[in-house]
Amino acid sequence: MEVKDILAQNIRHAREEAKLSQTDVSLALGLASHSGVSEIETGQRRVSAADLVRLSEVLRKPMDWFFDPNAGACDFLA
């Protein structure tokens, strides 16, 4: 799995875990619509460093968590 795919998957997992909609996250990132978050979560849109910092704050995850291929699985094991 490529890094962009891991990042996309973990962003989606963190958003769902936080019980936020794509619209909620798009507003926090200053995007025009939820489709931008959808594109991020499917790996079709790059995530800037600034967006990653903001995602970390909004989704309450450390930035390195988003790059961990086992991040989502670890949450279920706890």
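**Overall fold and helix packing**

The secondary structure of the chain consists of 5 helices and 0 strands, in the order α-α-α-α-α along the sequence. With a radius of gyration of 11 Å, close to the 12 Å that the globule rule gives for 78 residues, the chain is as compact as a globular protein of that length. The model is a predicted one. Along the principal axes, its C-alpha atoms fill a box of roughly 35 × 25 × 20 Å. The accessible surface of the chain is about 4900 Å², and carbon and sulfur atoms contribute 53% of this area. Of the 78 residues, 35% are buried. Among contacts with a separation of 6 or more, 58% join residues 24 or more positions apart.

In helix H2 (residues 22-29), the buried residues are Val25, Ser26 and Leu29. These residues lie on the same side of H2, because they cover an arc of only 100° around the axis. The packing partners of the buried residues of H2 are helix H1 (3-17), helix H3 (34-41) and helix H4 (49-59). Glycine 30, with a positive phi near 75°, follows H2.

The largest nonpolar core contains 14 residues, of which Ile11, Val25, Leu29, Leu55, Leu59 and Phe66 touch the most other members. At least two residues of this core come from each of H1, H2, H3 and H4. When residues up to four places away in sequence are not counted, leucine 59 is in contact with Ile11, Ala14, Arg15, Ala18, Leu20, Val25 and Phe66.

Terms used. Residues are numbered from 1 along each chain as its sequence is written. This is a predicted model: local features need pLDDT of at least 70, side-chain atom pairs count only at pLDDT 80 or more; totals for chains, interfaces and linings use all residues. Side-chain values use heavy atoms; hydrogens and water are left out. Buried means under 20% relative accessible area, exposed over 50%, partly exposed in between (1.4 Å probe, protein chains only). Helices (H or I, at least four residues) and strands (E, at least two) are DSSP runs, numbered from the N terminus. The arc is that of the directions from the helix axis to the C-beta atoms. Contact means heavy atoms within 4.5 Å. A nonpolar core is a set of buried Ala, Val, Leu, Ile, Met, Phe, Trp, Tyr and Cys residues joined through side-chain atoms within 4.5 Å. The radius of gyration is taken over C-alpha atoms; the globule rule is 2.2 Å times the number of residues to the power 0.38. Accessible areas come from the Shrake-Rupley method with a 1.4 Å probe; for residues, only the protein chains shown count as cover.
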